[in-house]
Amino acid sequence: MATPDLAAPDGLRNLPVTVMGLGQHGGGVATARYLHRHGARVTITDLQPEAALTESLRRLPAGIRRVLGRHDQADFASAAVVVKTPGVPPDSEHLARARAR
């Protein structure tokens, strides 16, 4: 599969994208909103439970799939693109598996 151009909105339509790290400071929210606005099928995943992410979750539009309190390897295996937010360590095992795929 060719690498999609994430800056070209037409290239995002129906693209399965996993955003790793919703976080509490807005980076994951902004990324997910941008992707969703341009038609990507967004899954956002975070190790924090829902209760810790209330404010960030409130700012997400409907239609974004949320996986909270864990990471599910299937969300990385099925994504055409995985976006790592700043709070996610670069040596994450999930990212390593996604890169290998």
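Guide: A salt bridge here is a side-chain nitrogen of Lys or Arg within 4 Å of a carboxyl oxygen of Asp or Glu. The model is predicted, so local features need pLDDT of at least 70 and side-chain atom pairs count only at pLDDT 80 or more, while totals for chains, interfaces and linings use all residues. Residues are numbered from 1 along each chain as its sequence is written, and side-chain values use heavy atoms, with hydrogens and water left out.

Side chains of opposite charge can pair when their charged atoms come close. Over the whole structure, the search finds 4 salt bridges. Among them is the one between Glu 93 and Arg 97, whose closest N and O atoms are 3.2 Å apart. Both residues belong to helix H4 (residues 93-100), and a spacing of 4 residues separates them by about one helical turn. Helices (H or I, at least four residues) and strands (E, at least two) are DSSP runs, numbered from the N terminus. Arg 97 is partly exposed, at 43% relative accessible area; the scale calls a residue buried under 20%, exposed over 50% and partly exposed in between (1.4 Å probe, protein chains only).

Another pair, Glu 55 with Arg 58, forms a salt bridge at 2.4 Å, N to O. These two are 3 residues apart in helix H2, which again is a separation of about one helical turn. Glu 55 has 46% relative accessibility and counts as partly exposed, whereas Arg 58, at 58%, counts as exposed.

A further salt bridge joins Arg 65 to Asp 75, with 2.6 Å between the closest N and O atoms. Arg 65 lies in strand S3 and Asp 75 in helix H3 (residues 73-77), so this pair ties together parts that are 10 residues apart in sequence.

S3 (residues 65-68) runs parallel to S2, and 4 bridges join them; strands are taken to pair if DSSP finds at least two bridges between them. Within that pairing, Ile 44 has Arg 66 in S3 as its bridge partner. S2 is largely enclosed by the rest of the structure, because 5 of its 6 residues are buried. S2 also pairs with S1 in the parallel sense, over 5 bridges, and Thr 18 stands opposite Thr 43 in S2. From S1 the chain crosses through H1 to S2, and this β-α-β crossover is right-handed, meaning that the path from the first strand over the helix to the second runs clockwise when the strands point away from the viewer.

Helix H1 (residues 27-37) has Gly 28, Val 29, Ala 32 and Leu 35 as its buried residues. These cover an arc of only 140° around the axis, which puts them on the same side of H1; the arc is that of the directions from the helix axis to the C-beta atoms. The buried residues of H1 pack against strand S1 (16-20), strand S2 (41-46), helix H2 (54-58) and strand S4 (81-84). Contact means heavy atoms within 4.5 Å.

In the loop between H1 and S2 lies His 38, which is buried at 18% relative accessible area. Leaving out residues up to four places away in sequence, His 38 touches Pro 9, Leu 12 and Arg 13. Gly 39, which follows H1, has a positive phi near 95°. Arg 59 sits in the loop between H2 and S3 and is partly exposed, with 33% relative accessibility. Its contacts, with residues up to four places away again left out, are Gly 26, Val 29 and Arg 33. The C-alpha atoms of Arg 59 and His 38 are separated by 17 Å, and the two residues are 21 residues apart along the chain.

One backbone angle remains. Most residues other than glycine have a negative phi. Asn 14 is not a glycine, yet its phi is positive, at about 65°. Asn 14 belongs to the segment before S1 and is exposed, with a relative accessible area of 51%.
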